[in-house]
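Here are a few exercises to work through with the model open beside you. Try each task yourself before reading its solution.

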Amino acid sequence: HSFGTDDICTVCGSYKFTRPTIYVKNTEGVLGDTVNVDICLANNPGIISMKLNIAYDSDSLELVEKSASKNFDTMAFGPTTANPFVVNWVDAIRPNNTNDGAFVTLTFKIKDGAPKGLAPITVTYDSCDVFDQNFEDVYFDVENGGVQVNYCPHTNKKTVQENVTRLSCTQNAGYDRVTYCKDCGAEVSRTTFVTEYESFADLNT
């Protein structure tokens with residue numbers, strides 16, 4: 001199989017999951033990036049309540065925002081600083097909700113010191129916290145995931161001049177030659193040049 005972003009095989013058209021499943025939709029980024037991670041449902045048989053505990057690698061990720069899917073808009077949230085982070089959806093007024101797709105979206109910042117590799121995000125729940133309109137427990141498989149932390153190779157670079165000083169009676173001429181990565185914006189190198197002469201090339205290329 002070759003599953004696309006909608007979790008449907010692009011070859012045969014089959015769905016990735018065949019049983020009721022809660023799954024973490026994997027994403028990736030580099031240090032300093034802000035990324036969205038969807039916690040999704042597949043083959044939802046119908047529920048009126050779902051409370052999830054979502055744990056994440058706090059050494060690599062910082063939770064900065066959360067938002068409920070429009071199909072589960074009566075959701076309540078625990079403290080953003082808590083890990084595991086708790087989301088609690090209840091809608092006892094309407095019939096069973098059978099929607100699949102995103103349940104909740106969490107926004108993480110990848111910390112500057114995060115190690116390269118998968119920063120795991122795991123979902124757990126108590127069986128009594130997921131039930132249907134008949135107040136019968138509904139079981140979901142869980143497929144955990146996370147954020148793949150990549151290091152930018154900084155191959156696409158730009159060099160500029162900064163902190164330019166002009167020759168005067170009290171100071172020499174000088175500048176910083178700074179190289180930035182065009183892809184991630186990181187500063188790759190910085191060299192300070194000081195001269196008694198005013199002539200230096202424009203390096204803003």
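**Exercise 1.** Decide whether T179 is buried or exposed, then find what its side chain pairs with.

*Solution.* Keep in mind that you're looking at a predicted model.
- Step 1: Start with the relative accessibility of T179, which is 12%. The cut-off for buried is under 20%, so T179 counts as buried.
- Step 2: Now place T179 in the fold: the residue belongs to strand β14, which covers residues 173-181.
- Step 3: Look for a polar partner. The side chains of T179 and T159 make a polar contact at 3.1 Å.
- Step 4: List the surroundings. Setting aside neighbours within four places in sequence, T179 contacts K157, K158 and T159, along with A186, E187, V188 and S189.

**Exercise 2.** Work out where N44 sits and which backbone atoms its side chain meets.

*Solution.* 
- Step 1: Find the loop that joins β3 (34-42) to β4 (49-56); N44 is in there.
- Step 2: Follow the side chain of N44. One of its polar atoms lies 2.9 Å from the backbone nitrogen of G46. The side chain also reaches the backbone oxygen of N97, at 2.9 Å.
- Step 3: Widen the view. Not counting residues up to four places away in sequence, N44 touches F72, N97, T98, N99, D100 and F140.

**Exercise 3.** Which residues of the largest nonpolar core touch the most other members, and which element gives the most to this core?

*Solution.* 
- Step 1: Pick out the core, a set of 33 residues. M50, L52 and F103 are the ones that touch the most other members.
- Step 2: Trace the elements that supply two or more residues to this core: β1 (21-24), β3, β4, β5 (61-68), β7 (85-90), β8 (101-110), β9 (117-124) and β12 (145-150).
- Step 3: Pick the top contributor, which is β8 with 5 residues.
- Step 4: Zoom in on F103. Beyond four places in sequence, its contacts include M50, L52, F72 and W89.

**Exercise 4.** Describe the protein as a whole: how many helices and strands does it have, and what percentage of its residues count as buried?

*Solution.* 
- Step 1: Count the elements: 0 helices and 15 strands.
- Step 2: Turn to burial, where 34% of the 205 residues count as buried.
- Step 3: Consider the contacts with a separation of 6 or more: 65% of them join residues 24 or more positions apart.
- Step 4: Finish with the accessible surface, about 11500 Å², with 47% belonging to carbon and sulfur atoms.

Definitions and conventions: Residues numbered from 1 in each chain as written. Predicted model: local features only at pLDDT ≥ 70, side-chain atom pairs only at ≥ 80, totals over all residues. Heavy atoms only, no water. Helix = DSSP H or I, 4+ residues; strand = E, 2+ residues; numbered from the N terminus. Polar contact = N/O pair within 3.5 Å; in protein donor to acceptor, adjacent residues only side chain to side chain. Contact = heavy atoms within 4.5 Å. Core = buried A, V, L, I, M, F, W, Y, C linked by side-chain atoms within 4.5 Å. Buried < 20%, exposed > 50% of the residue type's maximum accessible area, 1.4 Å probe, protein only. Areas by Shrake-Rupley, 256 points an atom, 1.4 Å probe, with all protein chains shown as cover.
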